[in-house]
Amino acid sequence: MRKLLLTITIILTFSSVFSQRFDIDTLSMTGPIDQRINMVFLSDGYQADQLGKFITDAQWMMDHLFAKSPYGAYRDYFNCFAIKVPSEVSGAANDPDSLINNYFGSTFNYAGIWRLVVPVRTDRINRVLADNFPAYDQVFMIVNDTRYGGSGGNIATSTVHTDGPEICIHELGHSFAGLSDEYWAGPQYARENSNMTQQKDTAKVKWKRWLGYRSTGIYAHQESPAWCRPHQNCEMRFLYSSFCPVCQEEIVNTILDRSNPILSFSPTNSNPGVSSDTTFSVSLLAPKPNTQKTWWELNRNEVAMQTSSYRLAANTLAPGMNVLTCFILDTTSLIRNT
């Protein structure tokens, strides 16, 4: 027993040594953590006396992100936080083979591509998130370097170049929604995806419902004509553009997949015994403008429309089991996928 206690003590001591706590600033909180998509900004290449600048930079990128459609309509679905992690030196390294003493190892020239900036110390990223904000949904690394660069992948990344907010939006297209580049990034990145295909048949292409709308089509990449994109002027091809309809749809689908518009409901018992008139209600998280449609059905018969509550009259119930259902549908025009 003494040996076991000693082992536990050692484990706890090690845990304490490696646990790293940093200050967290709340940039925007629209609701409880367990009811929102939580975006966490991390700092790299910011020395301790530059962490105030990091908060300003994070706010700068966040504001631009939610000014871009479709994120703006679903602003209330997100919380945003910034974890202030200091580095010994400012900026990013020039090459992965010659890292500098920034905290997360952000470096230019990843995979031999100069503008590809990647934080390579993923063990530190994982540890900081686990110790400080394990409930994160999306991470964005801001690198304190004014040179142009960024990357997608699990950790979306951007430098603080003047185009930083647009780089942020583009890279989150990869990291958050899984979108492909709509410029030709190289054969190693070519794959069937929501906005990339080899299918040229208008009746079969995955974005067929959007063809002809806002110049959506099937456009072959000049560099590799076997592969096609849905648009010629999308944010996933050119910065400072709108997302094309296909990419907007995929972003909204991702938001809706990662969130739950039902905040609460009453009564909380899913099998209540009803002996008198009872009011049933739901509290919903709505986009802006509100494109949600709600309706109630009692035993598969529609009994109410466009209301968050329904007063059930006990004398309308059939003997035995009855089923009252509330349906919530987002009818946004940004989605055409049935």
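Contact here means heavy atoms within 4.5 Å. Keep in mind that this is a predicted model, where local features need pLDDT of at least 70, side-chain atom pairs count only at pLDDT 80 or more, and totals for chains, interfaces and linings use all residues. Residues are numbered from 1 along each chain as its sequence is written, and side-chain values use heavy atoms, with hydrogens and water left out.

Start with Glu166, which sits in helix α4, residues 164-175 (helices are DSSP runs of H or I, at least four residues; strands are runs of E, at least two; both are numbered from the N terminus). Is Glu166 buried or exposed? It counts as buried, at 7% relative accessibility (buried is under 20% relative accessible area, exposed over 50%, partly exposed in between, with a 1.4 Å probe and protein chains only). Now show its contacts: leaving out residues up to four places away in sequence, Glu166 touches Lys68, Glu235, Leu239, Tyr240 and Ser241.

Next, select Phe66, in the loop between α2 (51-65) and β3 (78-84). Phe66 is buried too, with a relative accessible area of 10%. Beyond its neighbours within four places in sequence, Phe66 is in contact with Tyr71, Gly72, Arg75, Phe78 and Cys80.

Now for the largest nonpolar core: 44 residues, with Phe41, Tyr71 and Phe243 among those with the most contacts inside it (such a core is a set of buried Ala, Val, Leu, Ile, Met, Phe, Trp, Tyr and Cys residues joined through side-chain atoms within 4.5 Å). Colour α2 to see where the largest share, seven residues, comes from. Last stop: a second, separate core of 19 residues, including Val85 and Phe108.
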